[in-house]
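This briefing concerns the structure displayed below.

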Amino acid sequence: MLLYIIRRIGLAGLMLLGLVCLTFVISNVAPSDPAALAAGPDAGRSQIETVRREYGLDQPLAVQFLRYVTDLMQGDFGRSIATGRSVGTDLARYFPATLELVIVAMTLGVLLGVPLGVVSALRKDGPVDHATRIFAVSGIALPPFWFGLLLQLGFATWLGLLPTSGRLSVFTEPPEPMTGLLLADSLLVGNGAVFREALSHIILPAIVLSLPCLASILRVNRSEMVEALRTDYVIAARAHGVTPWRIVAVHALKNAMLPTLAIIGLRWGWMMSSTVLVETVFDWPGIGLYAVSSAIAGDFKPVMGVTLIVGLNFMLANLIVDLLYGVLDPRLRRA
């Protein structure tokens, strides 16, 4: 098991190095001139060159890359050329909002997707099964931005039940930040009013973000449950009089959850990147909206920082899934 863990961590390290190289290359082939952007539209050639030297953009690419990697190892993502602020400070400010949104969306996807997949498999080819399969296909096919606008129109504009943007209203004082997650912080300080308001703000974006995840989990779990219920050990368990709920919960679901676990890990990474659209639609102050505003301004340092954070989350999620696979299926430890 120890060798299996070391191999998986080594592979994750190689992928992280590849991501660092990729972000650096993309930032240097971008058509915009970051020095000219930082100097301003009225700057002359000499001012632009001064800014270029100040940010080290006049040095060879090899030197820039070495400094880039060294700064990253020290937790320094550089400075935003447009605002002059530290990108690391901005990421620490915006990332908790994205993390909270992804956690709530993933919780919805797992808590609804797994049971629906089990029920669909148990009612195979029945009305419930057909309905859940149509729902799964629709959930993957619907564009998130269109679905978000539709929910805003229905629940906020027409019904007036839920807010359309932000984490809290402008008149509400957020609780003292402990974790950066409004739902958790409001519970820790015992502020029920802020908790309810934060929950009402996160419902719509979480539903939009969770829909593709829910649909994928439902489809995979249903397919694996159908196969598991046909296996010899399940048939033997039925012949020995094992209760139906035990067959489903202990024998079939345990094996069906292995591929489902892989989908959950993949969807965590995809949801981190999908927040770009969802946060833009709902004006959610996370790293997705931060990346969009930086890209529009031609500020590549924040975009590189967001890309690294999303990629790192993707790798950590897959690493955790690999390790859980090794725990649940000992045969994989020899792979």
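The model is predicted: local features need pLDDT of at least 70 and side-chain atom pairs pLDDT 80 or more, whereas totals for chains, interfaces and linings use all residues. Residues are numbered from 1 along each chain as its sequence is written, and side-chain values use heavy atoms, without hydrogens and water.

**Cysteines**
- C21 counts as partly exposed, with 31% relative accessibility.
- The count of disulfides (pairs of cysteine sulfur atoms within 2.5 Å) is zero.

**Helices** (DSSP runs of H or I, at least four residues, numbered from the N terminus)
- Helix α3 (residues 45–54) has I48, V51 and R52 buried.
- These buried residues line one face of α3, because they fall within an arc of 105° seen down its axis (directions from the helix axis to the C-beta atoms).
- S46, R53 and E54 are exposed on the other side of α3.
- G56, with a positive phi near 75°, follows α3.
- G75 follows α4 and has a positive phi, near 80°.

**Surface**
- L108, L112, L116, F135, L199, I203 and I207 form a nonpolar surface patch with about 470 Å² of accessible area together.
- Helices α5 (87–122) and α9 (192–228) each give two or more residues to this patch.
- Patch residues have over 30% relative accessible area and no salt bridge (a Lys or Arg side-chain nitrogen within 4 Å of an Asp or Glu carboxyl oxygen), and nonpolar side chains (Val, Leu, Ile, Met, Phe, Trp, Tyr) are joined within 5 Å.
- F135, located in helix α6 (residues 127–141), is partly exposed at 33% relative accessibility.

Methods:
Patches are made of residues with over 30% relative accessible area and no salt bridge: like charges are joined within 9 Å, nonpolar side chains (Val, Leu, Ile, Met, Phe, Trp, Tyr) within 5 Å. Accessible areas come from the Shrake-Rupley method with a 1.4 Å probe; for residues, only the protein chains shown count as cover. Buried means under 20% relative accessible area, exposed over 50%, partly exposed in between (1.4 Å probe, protein chains only).
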